[in-house]
Amino acid sequence: MADPNLRISSLNLSHDSMVYLAYEGERTIRGGPAVTPAGSFGRKMTVEDLIAQQMRVSRQEKSHCDSVSFDRDCANAFQHYVNESLAFAVKRGGLMYGNVSEEGQVEVNFIYEPPQQDVEEEKRVDAIALGLGIRKVGFIFNQTVSQDKKEYTLSNVEVFLATQLHAESELEEWVTAVVKLEINEDGGADVHFEAFQMSDRLFKEGWFEMEIGSEDDPKLSKMKKEVVVGVKDLKEVDNDFFLVVVKILDHHVRFCTLLANAA
């Protein structure tokens, strides 16, 4: 092909033949309009870069604690208080104190219901618990009769609070317990205890949108940006996705009582 007078038909070329061209000299490229890349477009990105920018939510299949065992007296005192005294009309929460065994079983020996925003009193209770050889192991609260429990297990506000307390505790086996009133087949009311752990990393990594409005769907948790759940990109995730059920047992200790402040 060094001869510029040769015809292409004489070069034994056929369809799909590859022809390599070379030339000497300098190319001058005229400048075009400036382009500013938007988002990820216009920039060279590897697969690792794309994965790093995703927030992927995976279900925690197994709880870090084998089970949670409630002292019968303290569990009965709390449910009696929210049922008989408050008629499940007011939401109350308490801190659960006890121990965690080497096998991963959480044992709740007493429940302290703190006054709102009283850090000093909570510190005194922590000191008493330390003297008894126990520590905070979880959080317990009751749902109210006004909540539509048929649509969700925990509301988005309850999930947010539970994950926040779990993260602040720095206890892997931390348990969240909920007491609820349900209508049985005979039309009577039954009190039920349920226990859960929250999926790992939720609060510390800042996934949740902290502003929850009254018009937001209570059965969905809002994320700060789209997250990958399975194969879907979602901005709102069903609360049940974050819950890991914990088996409930019971036991009895001598000093157990409910330290409640109804003020």
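1. A residue is called buried under 20% relative accessible area, exposed over 50%, and partly exposed in between, with a 1.4 Å probe and protein chains only. On that scale, 37% of the 263 residues of the chain count as buried.

2. This is a predicted model, in which local features need pLDDT of at least 70, side-chain atom pairs count only at pLDDT 80 or more, and totals for chains, interfaces and linings use all residues. Residues are numbered from 1 along each chain as its sequence is written, and side-chain values use heavy atoms, with hydrogens and water left out.

3. Secondary structure is taken from DSSP runs, numbered from the N terminus: helices are H or I of at least four residues, strands are E of at least two. The chain has 12 strands and four helices.

4. Contact means heavy atoms within 4.5 Å. Taking the contacts in the chain between residues at least 6 apart in sequence, 69% join residues at least 24 apart.

5. Helix α3 covers residues 119–131. The expected span of a helix is 1.5 Å times one less than its number of residues. G133 follows α3 and has a positive phi, near 80°.

6. Where does S221 sit, and what does its side chain meet? S221 belongs to strand β8 (residues 220–229) and is buried, at 2% relative accessible area. Its side chain makes a polar contact with the side chain of N239 at 2.7 Å. A polar contact here is a pair of N or O atoms within 3.5 Å; within protein, one must be able to donate a hydrogen and the other to accept it, and residues adjacent in sequence count only if both atoms are side-chain atoms. With neighbours within four places in sequence set aside, S221 is in contact with N156, V159, F208, K235, E236, V237, N239 and F242.

7. A salt bridge is a side-chain nitrogen of Lys or Arg within 4 Å of a carboxyl oxygen of Asp or Glu. The count by this rule is nine. One of them joins the side chains of D250 and R72, at 3.7 Å from N to O. This pair links distant parts of the chain, with D250 in strand β11 (residues 248–251) and R72 in helix α2 (residues 72–85), 178 residues apart. D250 is partly exposed at 48% relative accessible area, and R72 is partly exposed at 45%.

8. K91 and E158 form a salt bridge whose closest N and O atoms are 2.6 Å apart. K91 lies in the loop between α2 and β3 (93–100) and E158 in helix α4 (residues 156–169), so the pair links distant parts of the chain, 67 residues apart.

9. D126 and K136 meet through their side chains in a salt bridge of 2.8 Å, N to O. D126 lies in helix α3 and K136 in strand β5 (residues 135–142), so the pair ties together parts 10 residues apart in sequence. D126 is partly exposed at 26% relative accessibility, while K136 is buried at 19%. E122, D126 and K136 are linked in a network of salt bridges.
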